[in-house]
Amino acid sequence: MEHETQVTRAWVLHPDITGADDRREASSALEEAIALAAALPNLEVVGSTTVRLAKAQPGTLFGTGKIEELRAMFEANEVELVLIDGPVSPVQQRNLEKAWKVKILDRTGLILEIFSDRARTREGVLQVEMAALSYQRTRLVRAWTHLERQRGGLGFVGGPGETQIEADRRAIDDQLVRLRRQLAKVVKTRELHRKARAKVPFPIVALVGYTNAGKSTLFNYVTGAEVMAKDMLFATLDPTMRSVELPDGPEVILSDTVGFISDLPTQLVASFRATLEEVLAADLVLHVRDIAHAETEHQAEDVHTILESLGMDEKTPQIEVWNKIDLLEPERREAVLAKADRADDVLAVSAVTGDGLQALFQAIAANLEAEKSRETLNLSFSEGKQRAWLFKEGVVEQEDQTDEGFAISVHWTLRQARKFQSL
């Protein structure tokens with residue numbers, strides 16, 4: 001993807017389809033779309049509009065009158081790029097680009113652009129490339145003239161008259177196969193890193209939440225690390241990990257992850273599974289919410305949906321962190337604090353002022369020192385390493401020798417049981 005240095009003049013459109021089942025509140029959806037656009041460098045949003053539609057037109061998305069009215073507006077404002085906050089089919093894209101003589105990006109395309117701009121690690125870069133290619137593969141019906149021509153083949157270039165579209169599609173498929181191989185290698189390396197970390201007896205605490213909920217700010221406050229934390233969607237893409245000693249609590253590994261977003265392109269959900277694997281391995285999940293945001297309930301639902309689709313273990317304990325209480329009006333703030341007090345596993349904090357963080361640390365410690373259970377394990381004589389580990393962890397209450405080995409009674413936490421399983 002080319003990054004031009006000159007600034008591109010862009011206009012954001014949010015199609016508000018009145019008949020849609022999953023219809024989001026139009027003004028906040030438009031706001032989020034503008035924030036997404038602002039996350040791209042060299043892009044100047046010169047205007048934005050919500051377009052109400054009874055239903056989407058299959059060929060052009062909007063009706064002819066609307067298209068004409070928008071064309072005049074784009075021309076008057078010298079718009080070069082129109083961002084449509086929603087799915088746009090390849091045919092609709094081609095027709096609108098012809099009618100308006102501008103480049104069009106839909107929501108998926110825009111998020112892919114941001115991700116490709118933000119990805120830093122080898123894995124992040126590969127995953128974004130793969131997602132972008134599978135997205136482009138569906139867009140090969142563009143009005144590119146060379147795609148309409150048939151060309152003769154010499155057997156090895158494809159049959160006589162393989163269309164350029166098929167050739168392009170094959171080139172993309174080959175590239176995807178190559179990327180998958182590279183990614184498999186990278187993921188293997190990460191697996192090794194993760195196994196090495198599993199040997200570290202520290203519990204992993206993962207921060208998850210909607211994009212821009214303040215995860216990185218909280219992470220920075222607690223760890224003193226300088227992770228990129230900006231008031232911007234998708235400021236962090238690659239998972240960052242730091243070990244932190246909690247005041248009066250255990251040492252933990254804190255992991256900051258990519259922010260979630262509603263209608264995350266399916267290509268990306270699949271490819272970012274690896275980035276979010278840290279969450280699946282976590283002993284405790286902190287769900288950070290921007291409690292001052294008008295759509296905070298919707299955002300929380302989106303986060304739960306994505307965690308479910310990742311296959312998050314329901315047994316993994318979660319704490320809801322209601323962040324940004326410093327932005328609330330005094331009355332609303334009182335109400336939020338009272339509500340958080342009444343709920344189990346909900347804490348209201350401000351990652352900027354540090355309000356409520358002491359209570360959060362105590363809750364994390366209490367959760368990790370969770371209830372213990374008693375069990376009797378039968379180990380063979382050859383399992384000396386496992387036996388030594390149990391003694392080192394200080395969980396053994398009694399040990400009896402049997403004909404086959406040892407019967408050991410242990411009193412341990414779920415985390416220690418899991419660790420033992422992975423030895």
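**From the chain to helix H10**

Of the 423 residues of the protein chain, 46% are classed as buried, where buried means under 20% relative accessible area, exposed over 50%, and partly exposed in between, with a 1.4 Å probe and protein chains only. This is a predicted model, in which local features need pLDDT of at least 70 and side-chain atom pairs count only at pLDDT 80 or more, while totals for chains, interfaces and linings use all residues. Residues are numbered from 1 along each chain as its sequence is written, and side-chain values use heavy atoms, with hydrogens and water left out.

The protein chain contains 14 helices and 15 strands; these are DSSP runs, helices being H or I of at least four residues and strands E of at least two, numbered from the N terminus.

Let me turn to H10, which covers residues 296–310. Which of its residues are buried? They are Thr296, Gln299, Ala300, Val303, Ile306, Leu307 and Leu310. In general, an α-helix has 3.6 residues a turn, so residues three or four places apart point the same way.

Threonine 296 has a relative accessible area of 8% and is therefore buried. Its side chain makes a polar contact of 3.3 Å with that of arginine 289, a polar contact being a pair of N or O atoms within 3.5 Å, one able to donate a hydrogen and the other to accept it, with residues adjacent in sequence counting only if both atoms are side-chain atoms.

Finally, just after H10, glycine 311 adopts a positive phi of about 85 degrees.
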